[in-house]
Amino acid sequence: MMSPQEVTEKLETLNPEACLLEPRDVYDKALVDITDDPQDQWPREGKVWVAVYDEFECLDAIMSWLECPEDEAREWFSFNTSGAWIGQGTPTFRRDRLD
């Protein structure tokens, strides 16, 4: 796993057009890796490097940021974050913890 700083530095080299979640001060702690083979629902071109965020860390960040319970954070995440296509540089998410 890479640090958020390492991720942003790699992306700057491999794909400066890759999108990062905003606000950065909320989401950067959930930034864990990069990939050129995201396994998600989006119709991507091959071999485009994108940011990888940890879904659970995103939920924790949203709960803290919006001061809301987990169910509201999940709804926010689903609609405004993981469910938002913003082009080929759209980040992807991974789930490392067990539910």
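Student: How far apart are the mean positions of the positive and negative charges?

Tutor: In this protein, the mean positions of the 9 positive and 23 negative charges are 4 Å apart. Keep in mind that this is a predicted model.

Student: Next, the fold. How many helices and strands does the protein have?

Tutor: The count is 4 helices and 3 strands. Then read their order along the sequence: the pattern is α-α-β-β-α-α-β.

Student: What share of the contacts joins residues at least 24 apart in sequence?

Tutor: Begin with contacts between residues at least 6 apart in sequence. Of these, 62% join residues at least 24 apart.

Student: And the surface? Which share of the accessible surface belongs to carbon and sulfur atoms?

Tutor: The accessible surface comes to about 6,000 Å², and 48% of that belongs to carbon and sulfur atoms.

Student: What percentage of the residues is buried?

Tutor: Buried means under 20% relative accessible area. By that cut-off, buried residues make up 39% of the 99 residues.

Student: Let me try one residue. Is R44 buried or exposed?

Tutor: Compare its value with the cut-off. R44 has a relative accessible area of 19%, so R44 is buried. Find R44 in the loop between β1 (31–35) and β2 (50–54).

Student: Which backbone oxygens lie by polar atoms of the R44 side chain?

Tutor: Look for the partner residue, then the distance. The backbone oxygen of T90 lies 2.8 Å from a polar atom of the R44 side chain. For the backbone oxygen of Q88, the distance is 3.3 Å.

Student: Which residues does R44 touch, leaving out those up to four places away in sequence?

Tutor: R44 touches P38, V50, W85, Q88, T90, P91 and T92.

Student: Now D54. Where is D54 placed, and is D54 buried or exposed?

Tutor: D54 sits in strand β2. Its relative accessibility is 7%, so D54 counts as buried.

Student: Which backbone nitrogen lies 3.0 Å from a polar atom of the D54 side chain?

Tutor: That is the backbone nitrogen of F56.

Definitions and conventions. Residues are numbered from 1 along each chain as its sequence is written. This is a predicted model: local features need pLDDT of at least 70, side-chain atom pairs count only at pLDDT 80 or more; totals for chains, interfaces and linings use all residues. Side-chain values use heavy atoms; hydrogens and water are left out. Helices (H or I, at least four residues) and strands (E, at least two) are DSSP runs, numbered from the N terminus. Buried means under 20% relative accessible area, exposed over 50%, partly exposed in between (1.4 Å probe, protein chains only). Contact means heavy atoms within 4.5 Å. Accessible areas come from the Shrake-Rupley method with a 1.4 Å probe; for residues, only the protein chains shown count as cover. Lys and Arg count as positive and Asp and Glu as negative; His and the chain ends are not counted. The place of a charge is taken as NZ of Lys, CZ of Arg, CG of Asp or CD of Glu. A polar contact is a pair of N or O atoms within 3.5 Å; within protein, one must be able to donate a hydrogen and the other to accept it, and residues adjacent in sequence count only if both atoms are side-chain atoms.
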